[in-house]
Amino acid sequence: MTGTGGPLRLGTRGSELAVSQTLTVAGRIEELTGAETELVRVRTEGDDLSIPLSAPPRPGAFAARLRDVLTDGGVDVAVHSFKDLPFAPVPGLRVVAVPERAAAQDALVSRDGSGLAALPPGARVGTSSPRRASALLRARPDLRIVPIRGNVGTRVRMVRTGEVDAAVLAAAGLERIGRGDEIAELVDPRIIVPAPAQGALAVEMRADHPMAEAVGLVDDPGARLRVAAERQVLTGVRATCTTAVGAYCELEGPGLRLVADLTDHLGVDHAHVEIDAELGEDALSAARAAGARAAAELLEVAR
């Protein structure tokens with residue numbers, strides 16, 4: 001309970017995807033803690049599609065309003081797509097859990113079911129992500145990148161109606177709303193390196209909330225380790241919300257492998273690194289150290 005006898009209020013954006021992933025977290029909280037839960041839909045600045053794609057970047061647009069409502073006590077828990085969460089913490093808030101992670105890879109949705117290599121010459125591929133666009137053009141310089149945005153359904157519909165020949169989306173988003181059958185190909189994470197923490201969720205609460213420890217039971221240690229390494233790359237390269245940076249971590253036995261990629265940032269035209277690291281007793285610190293090392297190697301290209 002919230003401490004006042006009512007249900008635990010989970011804040012979420014109103015999109016189909018956000019509601020779906022928040023309901024998943026709510027179910028796990030109820031299962032592991034016995035607490036009742038209630039969803040509270042919060043409209044965020046990132047949901048305003050009237051703002052043109054050419055407008056100045058708005059760091060953390062999807063997360064800021066949720067965090068404000070959480071800080072003010074309007075909700076007890078905020079569920080974020082971790083990749084949308086700015087690296088800098090908010091005083092008084094903490095990520096109490098990183099639940100089991102969905103697929104981290106990017107997915108190609110195409111009109112005829114073709115994979116990336118089989119798309120016709122000059123195919124129009126929709127994405128508004130600088131990271132995805134730069135990786136697509138390295139793999140297929142002939143492609144035409146078309147800026148698109150909107151929820152998952154909107155972007156898939158643009159493929160099906162022929163506005164674009166294909167689009168790249170997070171595989172996790174498609175799977176979470178039951179549209180995994182739209183995926184023509186899971187793109188090799190070494191061709192399009194996923195966004196740091198893609199496919200992971202962040203369950204954030206006020207640090208002094210009486211249910212914080214209980215809600216922490218939904219944490220998945222493996223997911224937290226992988227995300228820690230990937231997000232450390234963000235801070236290491238001093239990324240902004242438009243930086244074309246990718247990071248993908250896999251746990252391998254007693255260690256990890258981290259792939260990271262950076263394009264057109266701080267004097268780096270393009271850099272790609274793959275590193276292996278042992279985790280040891282303090283696995284979380286080792287994961288962060290691996291991320292810091294990857295970031296340093298990416299920036300070394302500019303020196």
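## Report on a predicted protein model

Ala133 belongs to helix H3, which covers residues 130-139; helices (H or I, at least four residues) and strands (E, at least two) are DSSP runs, numbered from the N terminus. This is a predicted model, in which local features need pLDDT of at least 70 and side-chain atom pairs count only at pLDDT 80 or more, while totals for chains, interfaces and linings use all residues. Residues are numbered from 1 along each chain as its sequence is written, and side-chain values use heavy atoms, with hydrogens and water left out.

With a relative accessible area of 16%, Ala133 is buried, where buried means under 20% relative accessible area, exposed over 50%, and partly exposed in between (1.4 Å probe, protein chains only). When neighbours within four places in sequence are set aside, Ala133 is in contact with Thr127 and Ile145, contact meaning heavy atoms within 4.5 Å. The C-alpha atoms of Ala133 and Ile192 are separated by 9.1 Å, although the two residues are 59 apart along the chain.

**The protein as a whole**

The secondary structure comes to eight helices and 13 strands. The radius of gyration, taken over C-alpha atoms, is compared here with a globule rule of 2.2 Å times the number of residues to the power 0.38; for 303 residues a compact globule would have a value near 19 Å, and the 19 Å of the protein agrees with that. Along the principal axes, the C-alpha trace spans about 60 × 45 × 35 Å. Of the 303 residues, 51% count as buried, and among contacts between residues at least 6 apart in sequence, 67% join residues at least 24 apart.

The protein exposes about 13300 Å², of which carbon and sulfur atoms supply 51%; these accessible areas come from the Shrake-Rupley method with a 1.4 Å probe, and for residues only the protein chains shown count as cover. The mean positions of the 34 positive and 41 negative charges are 5 Å apart. Lys and Arg count as positive and Asp and Glu as negative, with His and the chain ends not counted, and the place of a charge is taken as NZ of Lys, CZ of Arg, CG of Asp or CD of Glu.

**Individual residues**

Gly11 is found in strand S1, residues 8-12, and is buried, with a relative accessible area of 0%. Beyond the neighbours within four places in sequence, the contacts of Gly11 include Thr22, Val40 and Leu66; the C-alpha atoms of Gly11 and Thr22, eleven residues apart along the chain, are separated by 8.1 Å.

Most residues other than glycine have a negative phi.

A search of the whole structure finds zero disulfides, a disulfide being a pair of cysteine sulfur atoms within 2.5 Å. The accessibility of two cysteines is listed below with that of other residues.

| Residue | Relative accessible area | Class |
|---|---|---|
| Cys241 | 47% | partly exposed |
| Cys249 | 0% | buried |
| Glu16 | 52% | exposed |
| Asp264 | 66% | exposed |
| Leu266 | 42% | partly exposed |
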